[in-house]
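Here is a short report on one protein model. Look at the structure first, then read on.

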Amino acid sequence: MIRRLALALVLLAGPLAALGPDEILADPALEARARALSRELRCLVCQSESIDDSNADLARDLRLLVRRRLLAGDSDAAVLAYIHERYGDFVLMRPPVTDRTALLWFGPFGLLVGVGGLLLIRARRKTKTPVAPVPLTAAEREQLRQLEKDA
């Protein structure tokens, strides 16, 4: 029981530990905007976490950059555009649908449809009724008896 509680605390405290006390803005509204924006940006070191959840130094730098831009009066869209311009599509947790990111967006769906189609074809092949064997003619039966007799 205590182990489960400790594990739950570690899992819940992980994302909270990523944000240092020196990063938190005094204005709660700006801080909420900063946290929301941080969840929209990918950590370029961790690659599977947002900068809000990451403990990497680069993620911290990006969190501070987001907060500086908000304090400068930038809108949420301007902050995202500023960071997107410098780091490219990969920094966004939800990159825009373009010709360069089409495979990223539609690849998993295409793969799922392709695998599903292959499984359907394979299942149909297995359920085909087998063709009944053609009975032997009298000459073939005689030839078979001769072969069995010689063996």
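## Helix H6

Of the 13 residues of H6, 0 are buried, so H6 lies largely in the open. Buried means under 20% relative accessible area, exposed over 50%, and partly exposed in between (1.4 Å probe, protein chains only). H6 covers residues 138–150 and reaches 19 Å from its first C-alpha to its last, close to the expected 18 Å. That expected span is 1.5 Å times one less than the number of residues.

## The model and its fold

This is a predicted model: local features need pLDDT of at least 70, side-chain atom pairs count only at pLDDT 80 or more, and totals for chains, interfaces and linings use all residues. Residues are numbered from 1 along each chain as its sequence is written, and side-chain values use heavy atoms, leaving out hydrogens and water.

The protein has 6 helices and 0 strands. Both are DSSP runs numbered from the N terminus (helices: H or I, at least four residues; strands: E, at least two). Along the sequence, the pattern reads α-α-α-α-α-α. Of the 151 residues, 22% count as buried.

## Charges over rings

Which ring lies under the charged end of arginine 86? The ring of tyrosine 82 does, with its centre 3.5 Å away. Arginine 42 has its charged end over the ring of phenylalanine 90, 4.8 Å from the centre. Such a charge (NZ of Lys or CZ of Arg) is within 6 Å of the ring centre and within 35 degrees of the ring normal.

## Leucine 104

Leucine 104 belongs to helix H5, residues 102–126. Leucine 104 is exposed, at 54% relative accessible area.
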